[in-house]
Amino acid sequence: MKSITKGSLIFIGLILTLSFFIGCTTEEKKTIIFADPGWDSVQLHNEVAGFIAIHAYGYDSWQQITGTTPITHEGTIKGEIDVHLEEWTDNIASYTADRDAGKLKEMGVNFDDNMQGFYVPRYVIEGDASRGIEASAPNLKTVQDLALYPDVFQDPENKTKGRIYGSIPGWEIDTIMFNKYEYYGLDENFIYFRPGSDAALAAAFTSAIDKGQAIVGYYWEPTWLMGLYDLVLLEDAPYIDEESYMAGKTECPAVVCTTAVSNAFYEKDPAFCNEFVANYKTSSALISEALAYMSNNNASAAETALWLMKTYDNLLDLWLPEDKAALVRQAL
Amino acid sequence: MKWLIDFPFEITINKKAIDSAVRAFSVKHDAFFSAITSGLNGLIGGIHSLLNIIPWWLFILAIFFAGWKSTGKLKNGIFFALAITVIGIAGLWALMLETLSIIIAAVIISLFFGLPLGILLAQFDRAEKIARPVLDTMQTMPVFVYLIPALLFFGLGKAPAVIATTIYAIVPVIRLTSLGIRQVDKEVVEAAKAFGSTGVQTLIKVQIPQAKATIMTGVNQTLMMAMAMVVTCSMIGASGLGMEVLMGVQRIEIGRGLIAGIAVVILAIVLDRITQGIAEKGQTNGKQ
C-alpha cells in the first residue's frame, strides 16, 4: 500500500515537472491574440491579420479569444486581447468614454459603409415566380408600411399579432430598434421579439427563407447571410442627428467599425500597430462578398482570407509598408 | 516518427450534407412541426393565462400553504412566501410568471412521457440497457447542438425552449422511476403475487406506491433541471427571467443580471423545497 502511494507521488511529481518545462518553452513563443466577438466577418479579419503577423512581423502563432461584444471589448481594455479588428462603436455604450479615457488605443477605421435595420426577403415584396411564391406584402417599402401587414408576419405565440424580430439583446442597437418599433406605433399589432442570440436570429431568417415564409427582422452588414440571400432593407426617414436616431425616428447611419489595440500591446509592438492595424481598412461590400464566397464554396475562414488577399492584391499595398507587403506576397 | 505522435489518418465527414438534409427535412415536414409548435404554444399560453388570472396575493398565499403543508413547518411557509414576495418587489413578477409557464409546461410533458417510460424500463432489463446510453446522450449533449436545429423545426420562442428543456429534464424522472420500482423488495412483490394479484395490479397497487418517494425525488430533480435551462433557453428567444439575465450580462449591467439571477435562485429554491417536502412525506407514508 505504502509503495503504491510513493510510486504515484513520484509519478505525479514527474508529470508536473515535465509539464512545467513544456509550459516554459511554449511561453517563449511569440503569440498575438485577436478578439472574436462571435461573428464571421471578424474571424475573417483575424485570419488576414494573423497571416500577416506571422509572415511579415515574425510572430510564431496567433489565436483568438471568443466572447460577446462587451466581453471582447473589456478584454481589450484589460490587455487580455491584443488586437480588436471590429469594434462596433455604436453597439458598445461605453466605447467613446473608454477611448477618451485612454483605456485602449483606437488605431483606425476598418469600415464605415455598412447598413443595418429591418430587412425582409425580396420575395415578400416582389414574389418569386421560380419558387411559386406570391408577394405577400406588395406595398411594403418603409418601416411604417409594416403596420399594414401584421397578419403577413404572424407571431406563432400570439396569433392576433405580428412578430418583428428585434436585435440581439445587449447590443446598443436593440434599444434603438425598440424605440423605432414604438415610434411608428407598431406596438399596436406587432410584438417586438428578441431573438436571444445572433445564431438564433440567423436560424430564424434561413429557416423562413428555406420555407418561403414571410419574415421581418433586424439584420446587419457585413454578414454571410447578407452575402448569400437577397434581402431588402426597409426604408426609413433620412438621418438627421444622433438624438432622433437614438429615439428611433430615422434610419440607422452606417456604424463606424474601428480597429483598436490594448495599451500593453501598443507598447510591446508599436510597429505592428502603426504600420498595419492603423491602415487596415476594408469595406462592407468587400467583406460580404468574401463571406458569401466562404459560404458558397464551403471554405474555411483561413482559405477565404488567402483568397481575399490573392484576389484583391492591391489591398496589401494600402495596408502595409512596401517591404512588409513583399514578405506577405512571398508567403502567398 | 510523426505518425506516432500525430493521429495518422482522418476521414472527411461530409458535414454539409448533414446540414442540407436537416434543412430539407424541416421544409418538407413543416406542416407537422408547425402543428406541434401550435400545440405547445397553446399549452404554454394556457398555463400562462391561468397564472395571470391568479391574483398576486392568492399566489403568495398558495406558496405559503404549500410550503407549510409539504414541509410540515409553519416557519418554512412564511419564509417561502416572503421570498416570492421579494421577486414581486424587485419588479419581476410578470417575468417570473412567464418563466414559470415554460417550466411547468416542460415538467408536465416530462412527466407525461417520463413516468410511463420509467415504469416500462423497470419491467424489461433489455429496454433499460438500450435506454441507458440514450439517456446519457440526452443529458450530456451540449445544448446548443440541438438548440439551433430545433429553431429550424419549431421557430424561435417558447415552443423550442420547452422542447429543449424537456429533452434535458426528462432524464431524472425516467431513471428514478425505473430505479424506485426495481428497488421494491422482491418479497413484497412475491407476496402480492401469492395473493393472486395480476402483474398490472402488483404494479399499480404495490410497486408504484412503494416507489413513490424515489419517483417524487425524480420529479423534483426534473423540476430543478428545467430551472437550470431558463437562461440557456433565453438565447433562443424565450422571454422571462432568463432573458432579463441575458440582457443584463450582455450589457455588463451587473446589477440587472444579479437581481434577475437571484430571482431565478429564489424560484428554484422554493419549488425545490416544496416538491422535496412532498417527496419526504411520501417516504414516511411508505414506511408506515
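Contact here means heavy atoms within 4.5 Å. With that settled, I can describe where chain A and chain B meet. Please keep in mind that this is a predicted model.

Let me start with the interface. Chain A brings 31 residues to the contact, and chain B brings 25 residues. The size of an interface is often given as the accessible area lost when the parts come together. For chain A and chain B that figure is about 2200 Å², with 54% of it on carbon and sulfur atoms. Which three residues of chain A supply more of its buried area than any other three? They are A:Glu157, A:Asp210 and A:Lys211, and together they supply 23% of the area that chain A buries against chain B.

One of those names comes back when we look at charges. A:Lys211 forms a salt bridge with B:Asp30, and the closest N and O atoms are 3.4 Å apart. Across the interface of the two chains, the rule finds 3 salt bridges. The count of residue pairs in polar contact between chain A and chain B is 10.

Now, which elements of chain A form its side of the interface? Helices α3 (69-78), α6 (172-183) and α7 (198-211), along with strand β7 (158-165), each supply at least two residues. The largest share comes from α7(A), with 8 residues. Sorted by class, the side of chain A that touches chain B has 13 nonpolar, 10 polar and 8 charged residues.

Next, chain B by itself. Its secondary structure is 14 helices and 0 strands. The C-alpha trace spans about 65 × 55 × 50 Å along its principal axes. Of the 288 residues in chain B, 43% are buried. Chain B exposes about 15700 Å², and 70% of that is supplied by carbon and sulfur atoms. If we take the contacts in chain B with a separation of 6 or more, 78% of them join residues 24 or more positions apart.

A:His45 is found in helix α2, residues 40-56. Is A:His45 buried or exposed? The cut-off for buried is under 20% relative accessible area. A:His45 has 0%, so this residue is buried. What lies around A:His45, apart from its neighbours within four places in sequence? Its contacts are A:Leu85, A:Glu86, A:Asn110, A:Phe111, A:Tyr280, A:Thr282 and A:Ile287. With A:Asn110 there is also a polar contact, side chain to side chain, at 3.4 Å.

That is the end of my part.

Terms used:
Residues numbered from 1 in each chain as written. Chains lettered and ligands numbered in written order. Predicted model: local features only at pLDDT ≥ 70, side-chain atom pairs only at ≥ 80, totals over all residues. Heavy atoms only, no water. Buried area = accessible area lost by both parts, 1.4 Å probe. Salt bridge = Lys/Arg side-chain N within 4 Å of Asp/Glu carboxyl O. Polar contact = N/O pair within 3.5 Å; in protein donor to acceptor, adjacent residues only side chain to side chain. Helix = DSSP H or I, 4+ residues; strand = E, 2+ residues; numbered from the N terminus. Nonpolar A, V, L, I, M, F, W, Y, C, P; charged D, E, K, R; others polar. Buried < 20%, exposed > 50% of the residue type's maximum accessible area, 1.4 Å probe, protein only. Areas by Shrake-Rupley, 256 points an atom, 1.4 Å probe, with all protein chains shown as cover.
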